[in-house]
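Here are some notes to read alongside the model. Please keep the structure open while you go through the points.

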Amino acid sequence: MNERKHVIILGGGITGLAAAFYVQKYGKETGKPITFTVIEASNRLGGKIDTIKEDGFVLERGPDSYLARKTVMTELIKDVGLGDDLVSNETGQAYILHNMRLHPIPEGAVMGIPTKVMPFATTPLFSVTGKARAGLDLILPKRKDAQQDISVGHFFRRRLGDEVVDRLIEPLLSGIYAGRIDRLSLQSTFPQFVETEKKYRSLILGMKKTQPKQDKTPITKKKKGAFLTLKGGLSSFIETLSKAVPEESIKTGVSVKAVERSEDGIYSVVMEDGSVMKGDHVIVTTPYHVTKKLLGESLFPAGFHDTKPTSVATVAMSFNEEDVNFSLDGTGFVIAKSEKTSITACTWTSRKWPHTTPKGKVVLRCYVGRAEDQNIVQQPDEVILEKVLDDLKKIMGVDSRPEFYHVSRMIDSMPQYEVGHKEYVKKLRTVFQHELPGIRLAGAPYDGVGLPDCVNSAKMAVDSLFRS
């Protein structure tokens with residue numbers, strides 16, 4: 001007998017909406033009568049994705065793009081009919097701020113690992129000793145126990161030395177995870193480097209051998225960027241994705257208090273107002289601390305996500321072109337932790353994403369908030385702006401005030417993938433398989449913090465419920 005199944009999806013961010021899309025897709029493909037409801041506590045969908053569109057500007061409050069090589073996101077964007085709106089970033093020189101000077105990231109550096117000798121040997125970013133220490137990677141043996149998880153910092157310090165890590169690798173990587181690299185799990189964040197060391201022993205030699213062949217494209221043709229976004233901003237994806245499922249299947253402004261399982265295996269989702277929704281399956285995409293509260297702390301392994309997620313803020317500012325003297329060609333810079341600045345990075349948005357900015361204007365987007373010091377994120381907008389402008393004056397000589405600015409805070413938004421993360425996730429999912437087999441956990445706390453990771457996590461959750 002074809003019994004109707006109902007799936008309740010908690011959370012209306014990108015993970016929850018992607019899960020709804022994949023549940024619907026599975027139902028259509030198989031002809032099975034599956035219904036679903038997405039429940040979102042806030043009055044808007046999209047979670048961290050939030051685009052401001054005004055006066056010809058397209059500004060992101062949260063993530064501004066995703067890695068093109070993670071194709072699951074592109075496939076979903078095409079599935080909902082937005083493929084023609086995809087746009088690649090403009091490529092250009094990126095810089096590192098060290099000793100209050102902007103140094104070009106050496107040509108051939110891949111995530112900070114040198115693959116070309118001359119640019120690395122001649123950069124003033126490192127001392128002679130630092131360069132010599134990095135060269136030891138060429139003769140150091142590989143780790144004996146490659147399967148044991150260690151921190152990203154420990155791994156790179158052993159191979160390339162402290163100087164290259166602190167001045168190049170750490171600022172590049174902490175921009176992605178907003179965490180402490182000496183506590184960040186290597187297996188959960190950059191497993192490809194484990195494989196490189198295992199196969200080639202030396203990171204430098206391995207990265208050199210695995211880099212794509214030199215691009216023979218004529219100089220007139222632009223090199224494609226590694227990132228993708230949408231012309232109308234990422235919120236256009238959220239709007240289109242939400243319209244791809246029935247309107248009545250999404251409920252916003254509804255808070256959930258608990259999730260309970262009855263003896264017959266049906267799940268009851270209890271709302272704050274006392275109402276109850278019943279379902280055969282529940283996909284939970286809420287932040288980790290919320291998920292624990294909803295499902296009961298005893299199910300979750302001690303020590304997992306004990307470190308609070310990092311809070312960060314961004315400041316997007318618009319200037320007249322003549323007020324920002326770009327003496328350097330490029331798309332932005334990151335900052336070594338040793339620098340005494342409030343900002344941690346700055347994207348020259350109007351250069352990296354020209355479609356976001358009207359002609360004659362410049363948009364700079366600065367980031368504040370470090371894992372070890374997040375106090376600035378809680379400061380009033382005006383205080384954050386003044387600190388950012390003070391840094392920009394020292395670093396880039398920007399001496400004007402912006403025509404307008406937007407401060408966006410992402411409180412507790414970056415889960416920390418500390419050493420052992422993968423094992424914790426495995427242990428957690430095993431417990432759920434036994435105790436609550438109809439529930440799936442998906443999203444940034446488990447399977448990756450990038451947008452494609454969240455989409456893939458949703459896809460895996462739906463597949464494991466219906467296709468396995």
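1. Leaving aside neighbours within four places in sequence, I14 is in contact (heavy atoms within 4.5 Å) with G46, I49, M73, F237, I238, L451, C454 and V455. Before going further, please note that this is a predicted model, in which local features need pLDDT of at least 70 and side-chain atom pairs count only at pLDDT 80 or more, while totals for chains, interfaces and linings use all residues. Residues are numbered from 1 along each chain as its sequence is written, and side-chain values use heavy atoms, with hydrogens and water left out.

2. I14 also belongs to the largest nonpolar core, which has 43 residues; I14, F237 and I283 have the most contacts inside it. A nonpolar core here is a set of buried Ala, Val, Leu, Ile, Met, Phe, Trp, Tyr and Cys residues joined through side-chain atoms within 4.5 Å. Buried means under 20% relative accessible area, exposed over 50%, and partly exposed in between (1.4 Å probe, protein chains only). At least two residues of this core come from each of β1 (5–10), α1 (14–30), β2 (34–40), α2 (71–79), β9 (227–230), α10 (235–243) and α16 (451–466). The most, nine residues, come from α1. The helices (H or I, at least four residues) and strands (E, at least two) are DSSP runs, numbered from the N terminus.

3. Apart from that core lies another, of 33 residues, with F126, A134, V164 and Y177 among them. In soluble globular proteins, nonpolar side chains tend to be buried together.

4. Beyond its neighbours within four places in sequence, T15 touches T285, A442, G443, C454 and A458.

5. Now for the sheets. Five strands form an open sheet in the order β10-β2-β1-β14-β20, with parallel pairing; two strands pair if DSSP finds at least two bridges between them. β10 (250–252) and β20 stand at the edges with a single partner strand each, so one side of each has no neighbour in the sheet. On average, neighbouring strands of this sheet are turned by 15° against each other, direction ignored. Such axes are lines fitted to C-alpha atoms, for helices over the stretch in contact, and angles run from 0 to 180 degrees between N-to-C directions.

6. Strand β14 (residues 281–284) is covered on both faces: H281 and I283 on one side, and V282 and V284 on the other, are all buried. Four bridges join β14 to β1, where I8 stands opposite V282. Three bridges join β14 to β20 (residues 439–441), and there V282 stands opposite I439. Helix α16 lies across β1, β2, β14 and β20, running at about 160° to β14.

7. An open sheet of three strands has the order β5-β9-β6, and its pairing is antiparallel. Its edge strands, β5 (66–67) and β6 (86–88), each pair on one side only. Two bridges join β5 to β9, with L67 opposite F227.

8. Finally, please look at helix α6 (residues 162–177). It spans only 19 Å between its end C-alpha atoms, whereas a straight helix of 16 residues would span 22 Å; the expected span is 1.5 Å times one less than the number of residues. A kink of about 45° lies at I169, shortly before the proline P171. The bend at a residue is the angle between axes fitted to the seven residues ending there and the seven starting there. Buried residues of α6 include V164, I169, P171 and Y177. After α6 comes A178, whose phi is positive, near 50°.
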